[in-house]
Amino acid sequence: MDIIRKITESLGVRRTQVEAAVRLIDEGNTIPFIARYRKEATGELHDDQLRTLGEQLAYLRGLEERRETVLSSIEEQGKLTPELRAEIEAAETLVALEDLYLPYRPKRRTRAGIAKERGLEPLASLILLQQADRPLQELAAPYVNPEKEVPDAEAAVSGARDIIAESLSDSAEHRGWIRDLTWNRGLIVTSEKKETARAKKASSGDAEDGAAKAKAKSAPDTGKAGRRAVYEMYFDFSEPIAKLPGHRTLAINRGEAEKYLTVKLEAPEEEIVERLTAMTLTPAGEKNPYTRPVIEEAAKDAYDRLIAPAIERELRNRLTEEAEEGAMKVFKSNLEQLLMQQPVAGKTVLGWDPAFRTGCKLAVVDPTGKVLDTTVIYPTAPQNKVEESLRTLKALIKKYNIDLISLGNGTASRESEQVITRLIKELDRPLSYAIVNEAGASVYSASALGTEEFPGFDVGQRSAASMARRLQDPLSELVKVDPKAIGVGQYQHDMNEKRLAETLGGVVEDCVNRVGVDVNTASFSLLSYVSGITSSLAKNIVAYREANGRFRNRRELLKVAKLGPKAFEQCAGFLRIAGGTEPLDATAVHPESYDAVRTLFAELKVSDDLTSFALVPALVRDKKRTAERIGIGEITLADILKELAAPGRDPREDAPAPVLRHDVLSMEDLVPGMKLKGTVRNIVDFGAFVDIGVHQDGLVHISRLSDRFIRHPLEVVKVGDVVDVTVVSVDPAKKRIALSMNGKN
C-alpha cells in the first residue's frame, strides 16, 4: 500500500506536503514545532491537519505490520495462493484484512473443528458438491465411528453441517455484504431491562456492575428512580443503525452499562439467510432433495450462531467509535475555546470557593498570580453570618484594592452571589464579579501538584486561589487539571480513556504553544506542555531557575540538565524571555532565524531593540526578494514580520472578554420573551448551554441556534462566546431554562 498516497487523498493536499510532514515526524519533531517553524517544508499544514496526518500514519503503518503478520501466518500454513496474496495486499482497512484472515486464523476448539477431528470434513465436501442421489444417512454411513464419538449417521451429518456453517461464516465475501446490509437496513432496538434482572445482578455482587456505576459518576447522583428516568425515552425505542446520532449511541451504551437498558440489533434476517443459502446452492443443488435441506440449515446456523453475533459486535463498536470521534471533536473544540479565553490582566482578584457548612473559602491573588491572603467566611446556611462576612470582605477589598471577584459556580454559588451583589451596592468604589466554571478545581486542590504549589494551604484555600487564577489566566491554571475533568464535553467518562487523553492532550499542547510561555514565571505544569519539553525537563527548568535566578536568554536553556540541542530546537521558539539580554527572545521568532533577522535589521538600518521591531514590516517592500537575500523562506519571513509588528502579542486578546456582573438574577426573575446576554459554557450535539447569570445554565436547542439549517452547534457558536438570547420557557421544578438565539419559540 502506498501510505503517502492514501494520506494525501484523505487530507486533500499535495503529496510533497505529506512526504515532508512524515519525514519531520519520523525525525522526532513535535506537531507544534512543525506547524509553526516548518511551514516552508509542509506547505503550511496547520496543527489539526498534522495531528490527523500523524494518526493516519500510525494506523496505516499498523495495518502494514498486521498485513505482514497475516501473510506470514498463512504462508507457514502452506495455504497462501497468489490470488489470496493479491486480496490481502489490496485490503485497505483492518476489518477487510481480518475478514480475509478469518478462515486461516488459529481458532479455539469450535464445533466445526471437533467435527474435523472426527473425520467428517470429506462428508461436508461431499454435501457441498450437491450431487447426492440418495439419502444422506446412506452417504454418511461410512463416517460412523463410535470410537470418535460419531455414533450414527445423524451425528455424522450434524458434524458435517457444522463444518459447512463455519466455512460460510469464514467467507470474507459473505461477511462483507451481510455487514453492509445490516448497517444500511438494520435497527438498534432498546427496551427497559427488567428490575428483577437488575436486582439479581446486584445481589450477586457483580464487579462489572460496580464498575459501570462508577463510570456513571459524570451524571448527577439522582438516586435509582432519578437514574431510571434518564433513560425512559429508550424503554421502547428503535432507530435505523445508519441514522443513530452519536449522542444517542453513547446514552444507550451508558444505559446498558448501568443495567437499565437491553440493547439488540435487528437485521433483515430472513433476507440474509435466503441470500446466503442461494449463494451456496449450485444450479443442481437447488433441486436436490437430499442436500438442499442441510445447506439451508447450515446457512441459518452460520448466520444465527456465528455471523450475526460477530456483526452485531462489529457494528456496535463502529457506532461507538464514530460517536466517540464526534464527541471528541466537540470536546476538542470546547476545550480549545475554554483554554483560549481572554485573560483578565492587571487585576487583583478575590477568588471565592462557595460552600454551605464548611464556609466560603477566599483567596486574594495579585496581578502576577501570587496569593496575598486567604480566609473563610460563613454567609450561607447553616451559620448565615452575613453581616460578619460583609465586614471581612470590605476589609479585604480596602486592604488589597481588589478589583474583581471570581466566584466558582458550585454548591452555594447562588447564595454567595446574593451576598456579593449586596456588597457591591454597599461599597463606595467600583467592584464587579464573574462566575467561573469550577470543574476540575477539586481534582487539582487535592492533587500532589496542588499540595506542592501550596503546601501550607488546605484544599479549600487552594480551590479559592484557583478560582482567582482561572479568571486571570485560564490557560495557565487549567493546564493543571486533567482535561477530562474540566467538564466541557459530553459522555467523556464513557469514552476510550487512552484515546481521549491523547486527543485532549494535543489540544492543550497546541493552545500552550500558540500562546507561548514565559520561561521565568511558568509553572512546571505549563512548561510540560511546551513543544519538546517532557515532565522531567520541565522540573529541571524550574529547578535551574530556582537555583540560578531568571533566565537571561534562550541560549541559557542549554545549561539545564538533559536539555540538549534537539529539545532546544523544539522548545526555544515557544519560550519567552522578557527583559533579557536578547530582545528577540521576547518574541516567537526562533533562534535559528536570528542571523537572518539581524541581516534584515542591518539592511533596513533599524536598531536591534524591542521598541524598533514594529518599524520593520512597513519597510519591507518585496518579501520574496528580501527572503532570498537574507537566506530564509518567504513564508518564514512573513511569520517573522507578523511577529515583529506586535512582539509577543497574545492571540487570546481576540477572544470575547469575560462577562462581568454587578447584579444577580434568579430563575423566578425570568419570563418568556426576556432578552439577555450570556456566555456559552458548553456545546453538545443537540445544542449549547449558556450562562445567563442564574445558577442554572439555559439550553439553546440546535433548532433555535440559527435562522439557517445547521448540522451541528459548532457551526455557529463556540465556548466562551458572548451571545444575545431570548428566554423561551422556564421550569423551576426541573431546573430547566429554554433559550433561543433565532427568535423561535
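A contact is counted here when heavy atoms lie within 4.5 Å. In the protein chain, 68% of the contacts with a separation of 6 or more join residues 24 or more positions apart. The structure is a predicted model, in which local features need pLDDT of at least 70 and side-chain atom pairs count only at pLDDT 80 or more, while totals for chains, interfaces and linings use all residues. Residues are numbered from 1 along each chain as its sequence is written, and side-chain values use heavy atoms, with hydrogens and water left out.

The protein chain has 32 helices and 15 strands (DSSP runs numbered from the N terminus, with H or I over at least four residues for helices and E over at least two for strands). Its C-alpha atoms fill a box of roughly 105 × 70 × 50 Å along the principal axes. Of the 745 residues, 49% are buried, meaning under 20% relative accessible area with a 1.4 Å probe, protein chains only.

A cavity is a set of points, on a 1 Å grid over the protein atoms alone, where a 1.4 Å probe fits but cannot get out; lining residues have an atom within 4 Å of a point. Grid points are joined across faces, edges and corners, and a volume is the space filled by probe spheres set on the points. The largest cavity has a volume of about 40 Å³. Its lining includes Leu338, Asn437 and Arg681, and strand β11 (residues 675-684) gives the largest share of that lining, three residues.

Terms used. Buried < 20%, exposed > 50% of the residue type's maximum accessible area, 1.4 Å probe, protein only. 1 Å grid on protein atoms, 1.4 Å probe; cavity = no way out; pocket = protein on both sides within 12 Å on 5 of 7 lines; lining within 4 Å.
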